[in-house]
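Student: I have a structure open and would like to learn how to read it. Could you walk me through it, one feature at a time?

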Amino acid sequence: MNGALASTPPGPVEAAPGALTDDDLARLLLIRHFERSLLDLFAAGEVSGTTHTCLGQEYIPVALQPLTTPAFVFSNHRGHGHYLAQFGDPAGLLAEILGREGAVCGGYGGSQHLYREGFCSTGVQGESVPAALGVALHLRRTGKPGLVVAYIGDGTWGQGVVYEALNMAQLWSAPLLLAVENNGIAQSTPTERAMAGSIAGRAAAFGVRYEGVESTCIPTIRRQLAGALAETRCGAGPLVIEFRTERLGPHSKGDDFRPAEYLAGLADWDWYTRYAARYPAQFAEIDARQRQLIESVVRDVLARPLAAGAVR
Ligand SMILES: Cc1ncc(C[n+]2csc(CCOP(=O)(O)OP(=O)(O)O)c2C)c(N)n1
């Protein structure tokens, strides 16, 4: 491909998506409407700094959530879905991003630097992986059952510290899950242009177990991963899971330089479009409910005074 993006994204891997529980669908749609509203708020000048949405990738943390609970989750710059899948707290998160009262960490962190018991995110690529390893080693050395999850993107394999941490994690059998959201692009660089070999090959070089996930269907993903994650929790050492996914929106906002044909093809890949077509009644009811919920959260949070840590 000579480093260029394919003109169309990969097609959907399932002929039809599997049925979801109402709770899983509600969580997916909560994240989808939260992220859409955030882009609207950005366009309206309500968001200071920048923000990165996880549109398209919502199914990854929702699929992992029951398999990884309880876990300490380290998230990255594209972390709203990771937070919402774990806590389902759109008001606390939105207040943090907009710097309003009720913010999850006082308005000091914003979109990329969140902290809450059991959750921490950073906008510095790769920074979380050694920190996650430290927490995982603490769990192992104190005999506490548990799991630590670090989310990274494909582009973050350009950071050397990821390899140092993976080496130690394997040597010391740390209960660490590296959840890789490979959306085929890092800001504006197609993965093929920056990565020699593959993520699977890099995990294999350290003897680290690896699972590659092509599906966007939550029940299928959980069936595939349950065994390997249970083993990591029970002392089998770290696990790399690579999700082959797509970023529907821009890298942050207004900076999407992918070919128009590619962007047009994303609707056919998107779980949202395919689920709506396959399960219209369940979808319509929960979609409307979550859309309204986010609309009311936006109204409520915008009416609040600034938080202590907000900088305007
Ligand atoms: C150490 C460091 N270098 C550069 C950046 C700027 N930056 C933010 S996100 C990003 C691309 C990340 O790509 P990837 O890891 O694939 O995640 P994605 O954005 O695709 O989810 C870059 C270069 C950063 N945040 N940290």
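Tutor: Strands here are DSSP runs of E with at least two residues, helices are runs of H or I with at least four, and both are numbered from the N terminus. Before we go on, please note that this is a predicted model, where local features need pLDDT of at least 70, side-chain atom pairs count only at pLDDT 80 or more, and totals for chains, interfaces and linings use all residues. Residues are numbered from 1 along each chain as its sequence is written, and side-chain values use heavy atoms, leaving out hydrogens and water.

Student: In strand 4, which residue does V73 stand opposite?

Tutor: V149 is the residue opposite V73 in strand 4. Two strands pair if DSSP finds at least two bridges between them. Strand 1 and strand 3 have three bridges, in the parallel sense, and strand 1 and strand 4 also pair in the parallel sense over three bridges.

Student: In what order do the seven strands form the open sheet?

Tutor: The order is 2-3-1-4-5-9-8, with mixed pairing. Strand 2 (115-116) and strand 8 (209-213) are the edge strands, each pairing on one side only. Further along, strand 5 and strand 9 (residues 239-244) are parallel and share six bridges; N182 stands opposite R244 in strand 9.

Student: Across which strands does helix 2 lie?

Tutor: Helix 2 (residues 59-68) lies across strand 4, strand 5 and strand 9, and runs at about 165° to strand 5. Such angles run from 0 to 180 degrees between N-to-C directions, with axes fitted as lines to C-alpha atoms, for helices over the stretch in contact. Contact means heavy atoms within 4.5 Å.

Student: How do I read a helix, and which residues of helix 5 are buried?

Tutor: Start with its span: the expected value is 1.5 Å times one less than the number of residues. Helix 5 (residues 128-141) has 14 residues and reaches 20 Å from first to last C-alpha, close to the 20 Å expected. Buried means under 20% relative accessible area, exposed means over 50%, and partly exposed is in between (1.4 Å probe, protein chains only). In helix 5 the buried residues are S128, V129, A132, L133, A136, L137 and L139. Their cover includes strand 1 (72-75), strand 4 (148-153), helix 6 (160-171) and strand 5 (176-182). After helix 5 comes G143, with a positive phi near 70°.

Student: What is a nonpolar core, and which residues touch the most other members of the largest one?

Tutor: In soluble globular proteins, nonpolar side chains tend to be buried together. A nonpolar core is a set of buried Ala, Val, Leu, Ile, Met, Phe, Trp, Tyr and Cys residues joined through side-chain atoms within 4.5 Å. The largest has 57 residues, and L64, L94, L225, L229, I241 and F243 touch the most other members. Helix 1 (residues 22-43) gives the largest share, nine residues.

Student: How many disulfides does the structure hold?

Tutor: A disulfide is a covalent bond between the sulfur atoms of two cysteines. The cut-off is a pair of cysteine sulfur atoms within 2.5 Å, and the structure holds zero. For C120, the nearest cysteine sulfur, that of C105, is 8.9 Å away.
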